[in-house]
Amino acid sequence: MTGNEPPQQGISLAPQATRQETGDAAVALYQALDEAGLGEIRPVLDDERDVPKIKLHGIDADAAARLGRLVRKGMDEDYVLAEELRCALLAHDLDRFPEPQVCGTKIVLGQVSIRTADRLACILGAPPGPELDEYESPDWPESNAVFDKLNAALKATDVGVFVDMWLHSYCRRCEGDSAIELGSIKVDTARRFLKALQSAARP
């Protein structure tokens, strides 16, 4: 800990925080823990290395459990958002869309089939394309066309620019079906995605 005055909330840190900034951050963390009833956990400045770090002292099993519950409680809104996304997807009959998962400060969307991706693109406003065979995995041209279609539809809703997408084409060696993998998105992006789904016409 340092004897410096406590920093204001929302302090802006440099990419590599200085000793002073790290000490201020340790003070702010202690204040937050103390206000949450976890004053026995003491953030300590460790500047015995090139880049100063903050260590937590006084962590026993009880304090660790209470800190874990506190962190979980702080993530409640993220879990609610993930559940709202799941319900919005189901409302559009996208039952094969993987359940959105909270991971850190992001929400993981997962991998979808080419047909599911095509349907999602149409829900988001893309024009219908050639009907895909229900029993055959689409070849590269069809899969790539759906990939571009979904990418454009997501960007049109101000979501896609923040979504990493990968096309996995049909593999004859492993007999893996074509699929489109949607990466993780930040919470604010997930809210825009939810709003786009909720405002789209229901089937």
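Trainee: How much of the chain is buried?
Mentor: Of the 203 residues, 34% count as buried, meaning under 20% relative accessible area with a 1.4 Å probe, protein chains only. Keep in mind that this is a predicted model, where local features need pLDDT of at least 70, side-chain atom pairs count only at pLDDT 80 or more, and totals for chains, interfaces and linings use all residues. Residues are numbered from 1 along each chain as its sequence is written, and side-chain values use heavy atoms, leaving out hydrogens and water.
Trainee: How many helices and strands does the chain have?
Mentor: Six helices and six strands. Those are DSSP runs numbered from the N terminus: H or I of at least four residues for helices, E of at least two for strands.
Trainee: And in which order do the elements run?
Mentor: From the N terminus on, α-β-β-α-α-β-β-α-α-β-β-α.
Trainee: Switching topic, which residues have the most contacts inside the largest nonpolar core?
Mentor: I180, F193 and L197, in a core of 37 residues. Such a core is a set of buried Ala, Val, Leu, Ile, Met, Phe, Trp, Tyr and Cys residues joined through side-chain atoms within 4.5 Å.
Trainee: Which element gives the most to this core?
Mentor: Helix 6, with six residues.
Trainee: What is F193 in contact with?
Mentor: Leaving aside neighbours within four places in sequence, F193 is in contact (heavy atoms within 4.5 Å) with L85, L109, L120, L124, L154 and V159.

Definitions and conventions
Buried means under 20% relative accessible area, exposed over 50%, partly exposed in between (1.4 Å probe, protein chains only).
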